[in-house]
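Please examine the sequence and the structure shown below.

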Amino acid sequence: MTARYSRITGTGSYLPPRRVSNDDLVTELAERGVETSDDWIVERTGIRARHFAAPDVPASDLAVPAAQAALAAAGRTPDDIDLIIVATSTPDMVFPSTAAIVQHKLGIAGCPVFDVQAVCSGFVYALTVADAMIARGAASRALVIGAEVFSRILDFSDRTTCVLFGDGAGAVVLEASDTPGILATDLHADGKHVGILCVPGNVSGGQVLGDPLLKMDGQSVFKLAVSVLDKAARAVLTKAGKSEADIDWLIPHQANIRIMQSTARKLHLPLEKVVVTVHDHGNTSAASIPLALDHGVRSGQVKRGQTLLLEGVGGGFTWGAVLLVL
Ligand code: ACO
């Protein structure tokens, strides 16, 4: 029997129209008595702007146009899709999954759909699951989406977190193929770090119990991120029998330019080989990698046949990497 692989055949993304520059945010926060500056945000994070969805726009409304763009790029229609996975930490509802809502909004029914919750590593997790399902014959044409409305869970009185995040969605069509495609994947988690990045609140008895806004110990997250990302990157290279020199593009989770620079340095990659969108998108959590991938493809930088290393870290703590040929 010939091996069955999975391959990305189309990418798409969507950003809500409201772009909030650092200066816009500085002004808005000053009205609440919260002091920050463009200089501080740029120097510590590389972020210059982010997009915020309107208050009544759920994650599925960002996911659908991203998915439609990916389908168009792949030359497919929603009817061709037999699996939908949405990576999100800001779902439309407690249940059902945002993937079920996306399926309905795309006008299809019948195929399996579910969400993956691994915070900022969500897209890498979702791509790994879709790849495994395709390799096993459980699906042939999957939509893998990262979609977030992180603005909903930000505490705008906490300057250490509210300047970092944005909203958006990215998607890929992942299809069965005789040739890879996805070369190797590597996922990890360590639940002892739950407290350093979390939204601790919960819904119970019709009320929100606990704080429903994002809490982060930024320095601990930073240290953990820079200590694990290059290891996950090396793991997928080893599994695929490749070396750092084979990487055409590093497409990292877009949390902070300093984390990306650190990982690139450890992998001996020049920054010219790193797709960077954090300056324009902020940290869009599970959406950031597919947004950056689509940005790279549509700008003409990232080309078919090139070898891409996708990697991310997120709350949990979770982390992982995917090595693929586009
Ligand atoms: N504006 C101005 N000053 C600020 C701001 C702000 N927005 N935020 C913090 N400060 C101040 C602090 O109060 C502190 O002041 P002090 O020295 O008087 O006490 C000073 O700036 C330095 O604060 P640090 O926390 O030491 O700043 P640091 O250089 O560590 O940068 C940051 C903070 C950007 C959060 C960094 O730690 C970081 O990027 N961490 C990783 C975050 C991350 O990647 N999170 C996403 C993970 S993915 C996911 O799953 C969601």
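In the side chain of Gln 219, an N or O atom lies 2.5 Å from an oxygen atom of the ligand. This is a polar contact, defined as a pair of N or O atoms within 3.5 Å; within protein, one atom must be able to donate a hydrogen and the other to accept it, and residues adjacent in sequence count only if both atoms are side-chain atoms. Thr 36 places a polar side-chain atom 2.6 Å from a nitrogen atom of the ligand. In total, 26 residues surround the ligand, and the closest are Thr 36, Arg 44, Cys 120, Gln 219 and Asn 256; a residue is included if one of its heavy atoms lies within 4 Å of the ligand.

The model is predicted: local features need pLDDT of at least 70 and side-chain atom pairs count only at pLDDT 80 or more, whereas totals for chains, interfaces and linings use all residues. Residues are numbered from 1 along each chain as its sequence is written, and side-chain values use heavy atoms, with hydrogens and water left out.

How is the protein divided into domains? The assignment gives domain 1 (5–178) and domain 2 (183–325), with bounds taken from an automatic or database domain assignment. Their centres, taken over C-alpha atoms, are 14 Å apart. Contact, meaning heavy atoms within 4.5 Å, involves 54 residues of domain 1 and 47 residues of domain 2. The two domains bury about 3700 Å² between them, and 61% of this lies on carbon and sulfur atoms. Buried area here is the accessible area (1.4 Å probe) that two parts lose on being put together, summed over both. On the side of domain 1, Cys 120, Val 124 and Tyr 125 lose the most area to domain 2, together 16% of what that side buries.

The rule finds 21 residue pairs in polar contact between domain 1 and domain 2, both residues being at pLDDT 80 or more. Strand S1 (5–14) gives the largest share of the side of domain 1 that touches domain 2, namely 8 residues; helices and strands are DSSP runs numbered from the N terminus (helices H or I, at least four residues; strands E, at least two). By class, that side has 25 nonpolar, 18 polar and 11 charged residues, where Ala, Val, Leu, Ile, Met, Phe, Trp, Tyr, Cys and Pro count as nonpolar, Asp, Glu, Lys and Arg as charged, and the others, Gly among them, as polar.

Side chains of opposite charge can pair when their charged atoms come close. A salt bridge requires a side-chain nitrogen of Lys or Arg within 4 Å of a carboxyl oxygen of Asp or Glu. By this rule the count is 14, and 2 salt bridges are found between domain 1 and domain 2. Lys 215 pairs with Asp 155, the closest N and O atoms being 3.9 Å apart. Arg 19 pairs with Asp 280 at 3.0 Å between the closest N and O atoms. The latter pair links distant parts of the chain, with Arg 19 in strand S2 and Asp 280 in helix H9, 261 residues apart.

Some backbone features lie in loops. A cis peptide bond with omega of about 5° joins Phe 95 and Pro 96, and Pro 96 is found between strand S4 and helix H4. Val 119, although not a glycine, has a positive phi of about 50°.
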